[in-house]
Amino acid sequence: MSAHVINGKELVGAYRTEIKDQVDRLIAQGVKPGLAVVIVGEDPASHVYVRNKNRACEEAGIHSEVYKLPEATSESELLALIAKLNADKAIHGILVQSPLPKQINEERVVEAIAPEKDVDCFHPVNVGNLMIGKPGPAPCTPAGVIEILKKVGVDIAGKHAVVIGRSNIVGKPMGILLLREHATVTTCHSRTSNLEEITSQADILIAAIGKPKVIKRRHVKPGAVVIDVGVNRLDTGKLSGDVDFDDVVDTASVITPVPGVVGPMTITILLRNTLEAAQRSAGLRAVH
Ligand SMILES: Nc1nc(=O)c2c([nH]1)NC[C@@H]1CN(c3ccc(C(=O)N[C@@H](CCC(=O)O)C(=O)O)cc3)C=[N+]21
């Protein structure tokens, strides 16, 4: 059997159209959603992502501002910009691109963002609300994975979902969101001693490791749904996922190629989080 290879252009494109329609409706009610993206330094990959986010905002009708700060920016200069954006009525979402230069404490920066403008869902208040199931943003990549599973028609409830990776931005919140969808969740990581034994029991396998092509056919149960969160740049310049696509494609029932699905869906959830922050600010969506 060969897997259904998810077509990101189709799936993500359709979802962006849905979001654009909601943005248009909000604009007709007098509120234009606005996102500020802050990037510090010259990391080329970060600049590519920021450009992609900016373009996606424009296409969705969301106002977007990009602040490019030099590598030598001090923490207090960045905190001053965040204070200004926190007070700006035209801005509903603030995203500070990571990584930040070493003179800046990332935690302090995240905690300086007003929680209602934290469209990454990195602020401890939003992480806490996520954990206990209160309304609010969810982090873009894991929320995007849930959206992909739903759009493809994967039944999550009662299934065994195995997440490989325990980062604060993907692995941990991924587990929480899967629990919310009533999956049975197992989290594996670099210290898991019997990885293959566990991953090969997964109905839904989510790879968020950050190493190219480490998940092989032997890790995957025949018929499993495989979602590849990895975006690894190879020496050849090509992007590769955490999953060895060619090895796994005949075993899985559904698989996401890299690039093309999880990355663009991550950006789409950023648009959704910005839209929803704007709706909340206008009293058009529940806050707690
Ligand atoms: N505050 C913050 N929030 C983030 O959400 C955030 C961040 N910092 N720092 C870096 C990571 C990484 N990230 C990606 C987003 C889109 C693609 C994406 O669209 N990837 C395309 C390929 C893009 C390319 O060609 O390089 C794809 O997979 O198809 C990838 C990676 C968001 N991040």
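Two strands are said to pair if DSSP finds at least two bridges between them. With that in place, I turn to the structure above. Residues are numbered from 1 along each chain as its sequence is written. This is a predicted model, in which local features need a pLDDT of at least 70 and side-chain atom pairs count only at pLDDT 80 or more, while totals for chains, interfaces and linings use all residues.

First, confidence. pLDDT is the predictor's confidence in each residue, on a scale from 0 to 100. The chain averages 97, and 100% of its residues score at least 70. For the complex, the predictor reports an ipTM of 0.97 and a pTM of 0.98.

Next, the overall division. The domain assignment, whose bounds come from an automatic or database source, gives domain 1 (29-115) and domain 2 (140-263). Their C-alpha centres lie 28 Å apart. UniProt, in an unreviewed entry, lists residues 139-281 as "domain: Tetrahydrofolate dehydrogenase/cyclohydrolase NAD(P)-binding". UniProt positions follow the numbering used here, feature names are shortened, and annotations may be inferred rather than shown by experiment. Over residues 139-281 the chain is 36% helix and 17% strand, with the end C-alpha atoms 19 Å apart. Helices (H or I, at least four residues) and strands (E, at least two) are DSSP runs, numbered from the N terminus.

I now come to the sheet. Which order do the strands take in the open sheet of 6? The order is β1-β11-β8-β7-β5-β6, and the pairing is parallel. β1 (4-5) and β6 (184-188) stand at the edges with a single partner strand each, so one side of each has no neighbour in the sheet. β1 pairs with β11 in the parallel sense over 2 bridges, and Val5 has Ile255 in β11 as its bridge partner. Ile255 also stands opposite Val226, where β11 (residues 254-255) runs parallel to β8 and is joined to it by 2 bridges. To β7 (residues 204-207), β8 is paired in the parallel sense over 4 bridges, and here Val226 stands opposite Leu205.

Are the residues on the two faces of β8 buried or exposed? Val225 and Ile227 on one side, and Val226 and Asp228 on the other, are all buried. A residue counts as buried if 20 or more other C-beta atoms lie within 10 Å of its own, as exposed if 12 or fewer do, and as partly exposed in between, with C-beta atoms placed from the backbone.

Let me turn to the annotated positions. The unreviewed UniProt entry places a "binding site" at Gly165, Arg166, Ser167 and Val231. Gly165 lies in the loop between β5 (160-164) and α7 (171-180), and is buried because 22 other C-beta atoms lie within 10 Å. Beyond its neighbours within four places in sequence, its contacts (C-beta atoms, placed from the backbone, within 7 Å) are Val170, Gly171, His189, Ala208 and Ile209. Val231 sits in the loop between β8 (225-228) and β9 (232-233). Val231 has 19 C-beta neighbours inside 10 Å, so this residue is partly exposed. Leaving out residues up to four places away, Val231 touches Leu239, Val258 and Gly263.

A residue is near a molecule if its C-beta atom, placed from the backbone, lies within 6 Å of it. The ligand is surrounded by 18 residues, the closest being Gln97, Ser98, Pro259, Gly263 and Thr266. Two or more residues of this shell come from each of α2 (44-60), β4 (93-96) and α10 (262-281). α10 gives the most, with 4 residues.

Terms used: Contact = placed C-beta atoms within 7 Å.
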